[in-house]
Each structure stands twice: as C-alpha cells, then as structure tokens.
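Biologist: Hey, I'm new to this one. Can you walk me through it?

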Amino acid sequence: MSDSAITYTLYIQADPSRVWQALTDPALTRRYWGPSFETDWAVGSAMDWIERGSRTSDPGQLVLGCVPDRLLSYTWHTFSPQWAATAGIDEELRAELAAAPRTRVTYEIEPVGDTLARLTIRHEGFEPDGRLIGMCGQAWPMIASSLKTLLETGAPLPGQT
C-alpha cells in the first residue's frame with residue numbers, strides 16, 4: 001500500500017474464467033462481498049451498486065476496462081446518503097468520503113500453470129493519507145480472502161455478506 005494506492009495480490013486455485021465469473025456475476029459477488037453490480041461490463045457503461053437493499057446509481061460509476069478472464073476496471077462507488085444509511089455511516093463521514101476524488105479499482109487475472117490464477121487488485125487515486133484509503137486498506141484483504149475461500153471451498157468467509 002502506498003499513500004494513494006492499494007495493491008493486493010493473491011493466488012487462487014481456480015482458472016481465470018472462474019475468477020472472472022466471481023468478479024462479474026452478481027450472485028457470486030453478493031456471496032463473498034455483499035454488494036452486487038448491475039451493468040453489461042462494456043467499457044463506458046454505468047454500474048449500479050446494490051448493497052443491503054439500497055441501489056446506488058450515478059453517471060460517474062463506470063466500467064473503465066473489460067477483457068474477459070484477464071482485466072476488469074471500474075470507478076469506485078458513490079457515497080450517497082442512501083448508501084450511508086444502510087452501511088451505518090454518519091453524515092459527517094459520508095460527506096468527507098463524497099468530497100474525496102473518485103477512485104478506481106482494477107483487477108488483473110493471470111493464469112499460473114493449469115490450476116491457479118494470480119489476481120492482482122489495485123485500488124488507486126486516493127487522497128494521500130485520507131480516511132478512504134484507510135477504510136479500503138482494511139476491507140480489501142478480507143474481501144479478497146472471502147473471494148478466494150468461496151472459489152476454493154464453495155463457501156465465503158463468515159460475516160462477509
């Protein structure tokens with residue numbers, strides 16, 4: 001982790017197409033993370049975030065890159081009052097997060113031999129030493145571990161959804 005980016009790499013006993021499916025299939029995303037995404041995954045398409053019964057739509061939530069089984073990139077979500085209410089975030093923190101520059105997440109998937117995939121998650125564009133990078137820096141290892149556990153065992157880590 002730098003002062004403006006988080007990079008996390010893990011190895012998953014699954015082929016790249018299965019990792020891709022876990023990143024893009026709403027039913028799988030919900031299982032290991034909680035939110036799901038509604039989009040067609042075409043570059044430039046909008047993404048709706050659905051989390052805890054709340055939908056966040058914003059023209060700034062976009063797919064930035066999409067190469068099936070290899071690369072997925074999108075802008076990080078909008079910190080709306082509806083999202084904050086469902087996430088238990090107070091208005092002061094929500095306003096601080098909303099005022100920060102929009103960040104982006106990129107997943108790179110690489111095959112490693114016949115049975116492994118290397119997944120590199122890069123979340124960048126944070127304000128140096130801002131609160132958002134600290135929150136995301138704590139969240140990404142758990143999200144990535146839950147994704148890995150789901151693909152390798154069939155069940156996510158407890159408490160992730």
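Predicted model: local features only at pLDDT ≥ 70, side-chain atom pairs only at ≥ 80, totals over all residues.

Biologist: Which strands pair with β2, and over how many bridges?

Modeller: β2 pairs with β3, residues 48–51, in the antiparallel sense over three bridges.

Biologist: And what's the strand order in the open sheet?

Modeller: The order is β2-β3-β4, three strands with antiparallel pairing. β2 (36–38) and β4 (54–56) each have a single partner strand, so one side of each has no neighbour in the sheet. From one strand to the next, the twist averages 25°.

Biologist: Switching to rings. How many aromatic pairs are there?

Modeller: The structure has 14. One of them is Trp-33 with Trp-49, edge-to-face, at 6.1 Å centre to centre and 85° between the planes. Trp-33 sits in the loop between α2 (26–32) and β2 while Trp-49 is in strand β3, so the pair ties together parts 16 residues apart in sequence.

Biologist: Are those two buried or exposed?

Modeller: Both Trp-33 and Trp-49 are buried. They also belong to one aromatic cluster, whose members include Phe-37, Trp-41 and Tyr-107.

Biologist: OK, new topic: where's Asp-15?

Modeller: Asp-15 is in the loop between β1 (5–12) and α1 (16–24). Its relative accessibility is 40%, so Asp-15 counts as partly exposed.

Biologist: What does its side chain make a polar contact with?

Modeller: The side chain of Ser-17, at 2.6 Å. Asp-15 is also 6.8 Å from Pro-111, C-alpha to C-alpha, although they are 96 residues apart in sequence.

Notes
Residues numbered from 1 in each chain as written. Heavy atoms only, no water. Pairing = 2+ DSSP bridges. Helix = DSSP H or I, 4+ residues; strand = E, 2+ residues; numbered from the N terminus. Axes fitted to C-alpha atoms, helices over the stretch in contact; angles between N-to-C directions. Buried < 20%, exposed > 50% of the residue type's maximum accessible area, 1.4 Å probe, protein only. Polar contact = N/O pair within 3.5 Å; in protein donor to acceptor, adjacent residues only side chain to side chain. Phe/Tyr/Trp six-rings, centres within 6.5 Å; stacked < 30°, edge-to-face > 60°.
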